[in-house]
Amino acid sequence: MKISFRAAAASALVFSLAACASNGAGPIVEGAGWTAHGYLTPGPTGDPEIIGTFKNETDCRDAIDVWMSRQVVGNPVSGECLPVDRR
């Protein structure tokens, strides 16, 4: 089976755009002390979605609340704020 150059180039473009679009991480804040993690499960299991990094825990918790409110109704979701490890 012979693949044309156009088909290969289009496939490479689609896969590279999909890889960029799948990262839902928020902006990294200078001097951030907290990272918000969102889970598409009732508890913190599996790989989290990184919501963003924040200077204080209050902003982190507010971001989790906003993230949770944007998820599909009926899906059990959860989130947690973890301190940034600087070691």
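Let's start with the contacts: among those in the protein chain with a separation of 6 or more, 57% join residues 24 or more positions apart, where contact means heavy atoms within 4.5 Å. This is a predicted model, in which local features need pLDDT of at least 70, side-chain atom pairs count only at pLDDT 80 or more, and totals for chains, interfaces and linings use all residues. Residues are numbered from 1 along each chain as its sequence is written, and side-chain values use heavy atoms, with hydrogens and water left out.

**Overall layout**

- The protein chain has two helices and three strands, which are DSSP runs numbered from the N terminus (helices are H or I with at least four residues, strands are E with at least two).
- Along the sequence these elements follow the pattern α-β-β-α-β.
- Of the 87 residues in the protein chain, 20% are buried; buried means under 20% relative accessible area, exposed over 50%, and partly exposed in between (1.4 Å probe, protein chains only).
- The accessible surface of the protein chain is about 6,600 Å², and carbon and sulfur atoms hold 60% of that surface; these areas come from the Shrake-Rupley method with a 1.4 Å probe, and for residues only the protein chains shown count as cover.

**Confidence**

- The mean pLDDT of the protein chain is 75, with 62% of its residues at 70 or more; pLDDT is the predictor's confidence in each residue, from 0 to 100.
- Please take care with residues 11–23, where pLDDT stays under 50 and the model has zero contacts beyond four places in sequence.

**The nonpolar core**

- Nine residues make up the largest nonpolar core: Ala36, Ile51, Phe54, Cys60, Ala63, Ile64, Trp67, Val77 and Cys81.
- β2 (49–54) and α2 are the elements that give two or more residues to this core.
- The largest share of this core comes from α2, with four residues.
- As for the term, a nonpolar core is a set of buried Ala, Val, Leu, Ile, Met, Phe, Trp, Tyr and Cys residues joined through side-chain atoms within 4.5 Å.
- One of the core residues, Ala63, is in contact with Ile51 and Phe54, leaving aside its neighbours within four places in sequence.

- The model has one salt bridge, meaning a side-chain nitrogen of Lys or Arg within 4 Å of a carboxyl oxygen of Asp or Glu.
- The partners are Arg61 and Glu57, whose closest N and O atoms are 2.9 Å apart.
- Both Arg61 and Glu57 lie in helix α2, four residues apart, which is about one turn of the helix.
- Arg61 is partly exposed at 43% relative accessibility, and Glu57 is partly exposed with a relative accessible area of 30%.
- Thr58 also belongs to helix α2 (residues 57–69), and Thr58 counts as exposed because its relative accessible area is 52%.
- Thr58 and Cys81 are 23 residues apart in sequence, and their C-alpha atoms are 9.4 Å apart in space.

- His37 sits in strand β1 and counts as buried because its relative accessibility is 13%.
- Gly52 is in strand β2, and at 2% relative accessibility Gly52 is buried.
- The C-alpha atoms of Gly52 and Ala36 are 5.5 Å apart, although 16 residues separate them along the chain.

- Ser78 lies in strand β3 (residues 78–83) and is buried, with a relative accessible area of 11%.
- A polar atom of the Ser78 side chain lies 3.1 Å from the backbone oxygen of Thr41.
- Beyond residues up to four places away in sequence, Ser78 touches residues including Gly38, Thr41, Pro44, Trp67 and Met68.
- Pro44 is in the loop between β1 (34–39) and β2, and Pro44 is exposed with a relative accessible area of 53%.
- Pro44 and Ser78 are 34 residues apart in sequence, while their C-alpha atoms are 6.9 Å apart in space.
- Pro44 touches Tyr39, Ser78 and Glu80, again not counting residues up to four places away in sequence.

Terms used
A polar contact is a pair of N or O atoms within 3.5 Å; within protein, one must be able to donate a hydrogen and the other to accept it, and residues adjacent in sequence count only if both atoms are side-chain atoms.
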